[in-house]
Amino acid sequence: MHCQAWLTALALLMGVSHSAAGSSSLTIPLSRRQLGITREDGSVDMSALIQEEARTGWKYAKNAKHLARRGQPEASSSRFVRERRGGIQLKLASASVWTGTISVGNPPQNFSMYFDSGSTDLTLPDIACTELKCGTKARYSPSNSTTALNLNKTVTSRFADGSSSIGQAYADVVVGGGISVQNQTVISATSLSSTVAGLPSDGIMGLAFSGLSATGTDSFPVSMYKSGQGNYVGLRLAASNTSAITMGNLNISAIPGRVSWYNISSANTPNPLTYWQVNGSMTTVNGQPALSQRAEYVIDSGTTLIVAAPKYAAEFWRSVEGSAPYDSNHWTFPCANPPTVAFQFGSSTKRQFSVAAADFSLGFVPSNRTRCVGAVVGIDVGLGSDWILGDSFMKVRQQSGRQTKTTAKQNDLLYNPTWAPFFRVGTPSSTLRCDG
């Protein structure tokens, strides 16, 4: 049975503490590589920003091709990607790379992984990959693993930048912290795309659904659920050194504040599920709707930015006092007067989650220190009216007030609360939904 037959949900949890993790959960510490959108002097590096946007566009173009192979409509090609194809040297792989360590095989081979909620496959460089194609990354050696099984399937992922990743699919044991998944599909790549090769990690572990997989198989979290080892995945992305990914079980009663559950939707109903996304959602500026229609939100730890199609990004910016176009894809606002930007998930609750002012600004314009470039950018990645919420939205920041159930409602919109998105896979139809 495929994942789309199960009820899945997204929760936005306030004040997630270590005690909330169940006895069979694992927590992998994450480190973030700062790769240069905001310079040391606080100005924005537009070249680095455009590279990050191009990388995001290429990823979603790749995902669309995987869907097309399964008979789903392929997203329209991105004009943004076409305009910049071949014109950008990937000196910076991403401004937002969150990495942690897992092991693959028996005996275990350790790898630094980039955890990406906007893709599905687990990809590692193969032992046969040359330095030209895979750089100095640690290599996966299937022949040195007693549990590796060759699935006799060659996987080719072509990117819109003209590069591609080519590899062989294997089934092997994958261990993250204390959770071990048998027969997890691993793509052992003998050639990495420019996008993946440039990442400051050995490989990528996707956290999304099978609809985005090059092999049509499950991601690690879904495999974990199917093996009876829990059904929660939590990403805590913080400016401090407390970032972590938690998988397994979760003790809801140990979480202070409110827990809001939102059902996961699919643009390709009835199947397959693809992204962690919620429909019927709304973007607000200073507490007022910024769009004329509701949209779907895709939660993506693999980008720094908040992405909308240019049409909808322009509509959003018209709601921001003092905003002005920088170019056709970016807007600026008065640095001294940042807007209060928040996101309301689903149509059945009015609860809003705000973006900290420090995360909403990508830096001041080098020629004008009074104008800042905003994190909401206009890029056509083929998702129509859907929005992509990257780590500018996902990052945890300490709330300016007491963390209590009494004050939580008051502070949701005024401050960016200490919260983290948790994904729940395969829960029964009686799923708890508590919007406070």
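A word on the basis. The model is predicted: local features need pLDDT of at least 70, side-chain atom pairs count only at pLDDT 80 or more, and totals for chains, interfaces and linings use all residues. Residues are numbered from 1 along each chain as its sequence is written, and side-chain values use heavy atoms, with hydrogens and water left out.

Overall make-up. The chain has 9 helices and 27 strands. Those are DSSP runs, numbered from the N terminus: helices are H or I with at least four residues, strands are E with at least two. There are 436 residues, and 61% of them count as buried. Buried means under 20% relative accessible area, exposed over 50%, partly exposed in between, with a 1.4 Å probe and protein chains only.

Now contacts, meaning heavy atoms within 4.5 Å. Take those with a separation of 6 or more: 72% of them join residues 24 or more positions apart.

On to the core. A nonpolar core here is a set of buried Ala, Val, Leu, Ile, Met, Phe, Trp, Tyr and Cys residues joined through side-chain atoms within 4.5 Å. The largest one has 83 residues. Which residues have the most contacts inside it? They are F316, F343, F345, W387 and F393. Helix α6, residues 310–317, gives the largest share of this core, with 5 residues. Another core lies apart from it, with 8 residues, including Y114, C134, A189 and L199.

Aromatics next. The rule: rings of Phe, Tyr and Trp (its six-membered ring) pair if their centres lie within 6.5 Å; planes under 30 degrees apart are stacked, over 60 edge-to-face, the rest tilted. That gives 16 aromatic pairs. Look at Y297 and F343: an edge-to-face pair, 5.3 Å centre to centre, with 85 degrees between the planes. Y297 sits in strand β16 (residues 295–299) and F343 in strand β20 (residues 341–344), so this pair ties together parts that are 46 residues apart in sequence. Both Y297 and F343 are buried.

W387 belongs to strand β25 (residues 387–389), so the pair with F343 in β20 ties together parts 44 residues apart in sequence. Relative accessible area is 0% for F343 and 1% for W387. Leaving out residues up to four places away in sequence, F343 touches, among others, M282, I306, R351, V355 and L389. One aromatic cluster includes Y297, F343 and W387, along with W317, W331 and F360.

Now strand β10, residues 203–206. Is it covered on one face or both? Both: G203 and M205 on one side, I204 and G206 on the other, are all buried. Strands pair if DSSP finds at least two bridges between them. β10 runs parallel to β5 (residues 109–116), joined by 4 bridges. There, D116 partners G206. With β6 (residues 122–125), β10 pairs in the antiparallel sense over 2 bridges. There, T123 partners I204.

S219 counts as buried, at 0% relative accessibility. Not counting residues up to four places away in sequence, S219 touches T120, Q184, G206, L207 and A208.

S361 stands opposite G374 of β23.

Last, salt bridges: a side-chain nitrogen of Lys or Arg within 4 Å of a carboxyl oxygen of Asp or Glu. How many does the whole structure hold? The search finds 2. K226 pairs with D218, the closest N and O atoms being 2.6 Å apart. K226 is partly exposed at 43% relative accessibility, whereas D218 is buried at 17%. R39 and D45 meet at 3.9 Å, N to O. R39 is partly exposed, at 37%.
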